[in-house]
Amino acid sequence: MDENEQRELQTLGSSGAGEIHCVTFIGQVEGHQQLDSETKTTKYEHVMPLLAAIEESPEIRGVLLLLNTVGGDVDAGLGIAELIAGMTKPTASLILGGGHSIGVPLAVAAQRSFITPSAAVTLHPVRMSGVVLGAPQTYRYFEQMQERIVSFITGHSRISRQALLQYMLATDALATDMGTVITGSEAVDCGLIDCLGSLRDALGWLHDVIGGAHGKTKE
């Protein structure tokens, strides 16, 4: 892990309620294939052991996830999201700017998800760049990838499967693509994200949970 990544994965100051660790997901969530060195990426092989270390650390009592994503590798994103969803410590996510593609599973994986009023999320079907083998097995593979994402999102949020698919497969919302851009308030109204809020709201919720003011937040 280089110095920039170490600065990104920093610990916030402690308070009487306990210590909160901040993890950022900015730009592309990078999986097995490396992007251009100048592209801002979150490398999953660095984040995964970090999350495990946070879960084991007695000094850390809560986790704040800051997200502003532009997409990423499905396997990497879902792998990180499953780790977040499996943590026993209180977790809150906050979408800032945008939550594109795989950023949505990362957001809903937290026990409580927030989105700022000016932020937006982009929902679209699975896509792949480069050469694709035109065979029935390829189409089935895309369907499986799509189903993994849909099942995870609907299993960790209040949005219905039908509503999610309608957003993802819309053909009249984006100029040159299939999918939908949802504003912060609409993301809350449809059940995709839990709350409209900012940094103080996400931190306040975490401190309340750490202090014992709240129980489970999702059924």
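## Close-up views of a predicted chain

View A. Helices (H or I, at least four residues) and strands (E, at least two) are DSSP runs, numbered from the N terminus. Everything shown here belongs to a predicted model, in which local features need pLDDT of at least 70 and side-chain atom pairs count only at pLDDT 80 or more, while totals for chains, interfaces and linings use all residues. Residues are numbered from 1 along each chain as its sequence is written, and side-chain values use heavy atoms, with hydrogens and water left out.

**View B. The buried face of helix 8.** Look here for Ala 202, Leu 203, Trp 205, Leu 206, Val 209 and Ile 210, the buried residues of helix 8. Buried means under 20% relative accessible area, exposed over 50%, and partly exposed in between (1.4 Å probe, protein chains only). Seen down the axis of helix 8, these buried residues fall within an arc of 155 degrees, so they line one face of the helix. The arc is taken over the directions from the helix axis to the C-beta atoms. Their cover includes strand 1 (19-30), strand 3 (60-72), strand 4 (91-100) and strand 5 (112-115). Just after helix 8 comes Gly 212, with a positive phi of about 90 degrees.

View C. The largest nonpolar core has 48 residues, and Phe 25, Ile 80, Leu 192 and Ile 193 touch the most other members. Helix 3 (residues 74-85) gives the most to this core, with six residues. A second, separate core of 14 residues includes Leu 66, Cys 195, Leu 203 and Trp 205. A nonpolar core here is a set of buried Ala, Val, Leu, Ile, Met, Phe, Trp, Tyr and Cys residues joined through side-chain atoms within 4.5 Å.

**View D. Helix 2 beside helix 3.** Helix 2 (residues 44-56) packs with helix 3 at an angle of about 10 degrees, their axes 10 Å apart. That makes helix 2 roughly parallel to helix 3, a label for angles under 35 degrees. Axes are lines fitted to C-alpha atoms, for helices over the stretch in contact, and angles run from 0 to 180 degrees between N-to-C directions. Tyr 44, Val 47, Met 48 and Leu 51 of helix 2 meet Ala 76, Gly 79, Ile 80, Leu 83 and Ile 84 of helix 3. Contact means heavy atoms within 4.5 Å.

**View E. Ser 93 and its surroundings.** Ser 93 sits in strand 4 and counts as buried, at 0% relative accessibility. Leaving out residues up to four places away in sequence, Ser 93 touches Leu 65, Leu 67, Ala 107, Ala 110, Arg 112, Ser 113 and Phe 114. The C-alpha atoms of Ser 93 and Phe 114 are separated by 5.8 Å, although the two are 21 residues apart along the chain.

**View F. The two sides of helix 6.** In helix 6 (residues 161-168), the buried residues are Ala 163, Leu 164, Tyr 167 and Met 168. They fall within an arc of 135 degrees seen down the axis of helix 6, so they line one face of the helix. Gln 162 and Gln 166 are exposed on the other side of helix 6.

Key
Parallel < 35°, antiparallel > 145°, perpendicular 65-115°, else oblique.
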